Amino acid sequence: MEANNNKLSIDSRRLVPVVQFGLWFFAFMLLESFVNSSAATLLGASAVNAAYSLGIFCTATGLLVFGLAHARSADLCKRAFIIVATACAVATLSIPFAQNAGLLAFLSCASLLSCGFVGGRVHLGMALEFGEGPWCGRAIGAATGIVVCVQFLVQNLAQGPALELVCIPASLVALVFFDVRHQDRCMDANTGASVRTWTHDPADKQRHGAYLVIAAAILTVIFTLNDSIVVPLDASGTVQLFSGVRLFYALGLVVSGLLFDLGPRFCFTFTTVAVQIMAVLVPYFLRTPEWYNLNMAIFYFYGGFYVMFVTAEFVIFSAQMHHRALWAALGRTTRSYVAALSVIPVALLYDAFGVISLAAMAAVLNMALLAVCMADAMLLARCDMPERQGLEPPDAAPQSIEDAQEPAADPAKLSERDLDRYAQSIGLTGREAQVLVLLVATEDKNDKMANDLGISRRTLQRHIANIYDKAGVQSRIGLFQAVAAYVAG
């Protein structure tokens, strides 16, 4: 049974993108940890922050490359996926053989760059499957929470990195298997599939996206205030990042996923801000080893909220945007670039002024984040947008991309040439122009149109949503009236 966006139902087929996301997140976290530990072993604990910065910079670049490449050629990205995933596995398995800093840096960059590219495809799969429904937060929270628990077992039960080196390529192989097996399910659209229009001012959509990016950047710096200190401490053996306290990370991910789906979007943002207030207190627990575990527990718990924000918010918003592949992972891309630039400066600040400087910086950043969230909330209120992206307002059902009312006037009055002219005037693609003809010149239902065009119902719905967005309408009747007005004018 096809899942309905307006019902809290989910079928087993929709779990494929969730499984892929979990496999990628598992491989990425193991790979990031393995690169850091390899740098500590070869170069010493003092080099870990540099390796960490370089690694996440490469991950961000891989995510960005996928988004930009997919906008130009989705088919090329689809063909390159297996090659890039293979390159990631080969580079990872080669890291233990690196005997100098140059080779280690090259292999680490290659593995994380290709891992980022794979992650871009995985985020797009989540966006296409969950970006317009009410399950996004729970899907991401469950997948990442389970993965954190499995990672905890892998890194605590195994002696040495051997098991990590098995799990990383195994996860990539499984990810590729699911991708090849279910490649017909997604990746066939460069544009968003939103059925909404920002009626107050089309530029408000860009403003909302900008607010999300700014909030993600601020949250990243707040998170880095602790992250850049505890990572070197872990490399030196002072703290244990992957001890039992890491399970608070899983708890934060699951709780934040539930809150994301059950409450309004901007309320979730304010919840995130409230949790970040703990970031002001956390640095004080870095004063002595006796408090390190408390620091890590709080750090991991609010880290779950942070990860949910930079993942789910952008997966949801990507449905509003053209080039969805770019926007679906833009939160994580922003996170990685900002973290790469701030890790070393934060560590230097800590060395020079101690924990008081981190607490003061966290307080200032929280105020800035609060201001961004308030501005975004006012923007959404002014646009009279639904409280949660992906849930239709009460009066929107007749205007959805599902089967709608038939045209209110005689379609025979519109010629094929009229429809071609209108399609060109609003920038429809060739396939969208074909869908336009069926929408306006026939009374066919969605199932028949999809069969006539040889595409899936879901793909047809995406084309219809794109047509509505470009035409500035929200229903089939509105589309017919827009075409008729264009021809008459």
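Buried means under 20% relative accessible area, exposed means over 50%, and partly exposed lies in between (1.4 Å probe, protein chains only). This is a predicted model, in which local features need pLDDT of at least 70, side-chain atom pairs count only at pLDDT 80 or more, and totals for chains, interfaces and linings use all residues. Residues are numbered from 1 along each chain as its sequence is written, and side-chain values use heavy atoms, with hydrogens and water left out. A search of the whole structure finds five salt bridges (a side-chain nitrogen of Lys or Arg within 4 Å of a carboxyl oxygen of Asp or Glu). Side chains of opposite charge can pair when their charged atoms come close.

**Salt bridge between helices**
- Lys-470 and Glu-432 form a salt bridge, with the closest N and O atoms 2.8 Å apart.
- This pair links distant parts of the chain, 38 residues apart: Lys-470 is in helix α18 (residues 457-471) and Glu-432 in helix α16 (residues 430-441).
- Helices are DSSP runs (H or I, at least four residues), numbered from the N terminus.
- Lys-470 is partly exposed at 22% relative accessibility, whereas Glu-432 is buried at 2%.

**Salt bridge within a helix**
- Asp-204 pairs with Arg-207 in a salt bridge, the closest N and O atoms being 2.4 Å apart.
- Both residues belong to helix α7 (residues 203-236); they are three residues apart, so about one helical turn separates them.
- Asp-204 is buried, with a relative accessible area of 0%.
- Arg-207 is partly exposed, at 37% relative accessibility.

**A further salt bridge**
- Lys-448 and Asp-444 meet through their side chains in a salt bridge (3.8 Å, N to O).
- Lys-448 is partly exposed at 42% relative accessibility, while Asp-444 is buried at 17%.

**Buried arginine**
- Arg-476 sits in helix α19 (residues 476-488).
- Arg-476 is buried, with a relative accessible area of 2%.
- A polar atom of the Arg-476 side chain lies 3.2 Å from the backbone oxygen of Leu-438.

**Nonpolar surface patch**
- Val-254, Leu-258 and Leu-262 form a nonpolar patch on the surface, with about 270 Å² of accessible area together.
- Patch residues have over 30% relative accessible area and no salt bridge; like charges are joined within 9 Å, nonpolar side chains (Val, Leu, Ile, Met, Phe, Trp, Tyr) within 5 Å.
- Accessible areas come from the Shrake-Rupley method with a 1.4 Å probe; for residues, only the protein chains shown count as cover.
- Val-254 lies in helix α8 (residues 247-262) and is partly exposed, with a relative accessible area of 36%.

Technical notes:
Helices (H or I, at least four residues) and strands (E, at least two) are DSSP runs, numbered from the N terminus. A polar contact is a pair of N or O atoms within 3.5 Å; within protein, one must be able to donate a hydrogen and the other to accept it, and residues adjacent in sequence count only if both atoms are side-chain atoms.
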